[in-house]
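Good morning, colleagues. I ask you to look at the structure on the screen while I speak about its backbone and its charged side chains.

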Amino acid sequence: MTAEVGLFAGRHVLAELHEVEPALLDDAAFLRTTLREVMESAGATVVGLQDHRFEPQGVTVLAMLAESHASVHTYPELGAMFVDVFTCGERADPELAVRLLAEALGTRSVISSTVDRGHRVVLPHNNIGS
């Protein structure tokens, strides 16, 4: 039996979240839990998490996904965070993940861009009867 190979296609979302409560941005445990929950809610499979707390403040959390990766890097002193979510295939939705993350952090101040990557497969229309 041959294993199924996924599409060489994905979406890469880069985002900035602003106007976030600084204490949330300096809480590594909260950010780990929240990143796991939003990625799973967006259809991703989290296979590992790692975080690093900076002194005097700030946290980076990296989620390794079966579909690729997600990370956050915080600036509590500015109430801001960088977000990077890349998912391969069609199952996980990186844009939904960023929206859910913003909701969990209590902000609507989000700047984001999405880049389609890889090969997009377009199936031809069925012209039966034409």
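This is a predicted model: local features need pLDDT of at least 70, side-chain atom pairs count only at pLDDT 80 or more; totals for chains, interfaces and linings use all residues.

Residues are numbered from 1 along each chain as its sequence is written, and side-chain values use heavy atoms, with hydrogens and water left out. When I name helices (H or I, at least four residues) and strands (E, at least two), I refer to DSSP runs, numbered from the N terminus.

Let us turn to the backbone. The peptide bond that leads from Glu 55 to Pro 56 is cis, its omega being near 10°. Pro 56 belongs to the loop between strand 2 (46-53) and strand 3 (59-65).

Which residues have a positive phi without being glycine? Glu 19 is one of them, with a phi of about 60°, and Ser 68 is another, with phi near 150°. Glu 19 sits in the loop between strand 1 (9-18) and helix 1 (22-25), whereas Ser 68 is in strand 4 (residues 68-75). For accessibility, buried means under 20% relative accessible area, exposed over 50%, and partly exposed in between (1.4 Å probe, protein chains only). Glu 19 is exposed at 65%; Ser 68, at 21%, is partly exposed.

I come now to the charged pairs. Side chains of opposite charge can pair when their charged atoms come close. A salt bridge here is a side-chain nitrogen of Lys or Arg within 4 Å of a carboxyl oxygen of Asp or Glu, and by this rule there are seven.

In one of them, Arg 11 pairs with Glu 95, with 2.9 Å between the closest N and O atoms. Arg 11 lies in strand 1 and Glu 95 in helix 3 (residues 94-104), so this pair ties together parts that are 84 residues apart in sequence. Arg 11 is buried, at 18% relative accessible area, while Glu 95 is partly exposed at 29%.

Arg 53 and Asp 26 form another salt bridge, at 2.4 Å from N to O. This pair links distant parts of the chain, 27 residues apart: Arg 53 is in strand 2, and Asp 26 is in the loop between helix 1 and helix 2 (28-41). Arg 53 is partly exposed, at 33%.
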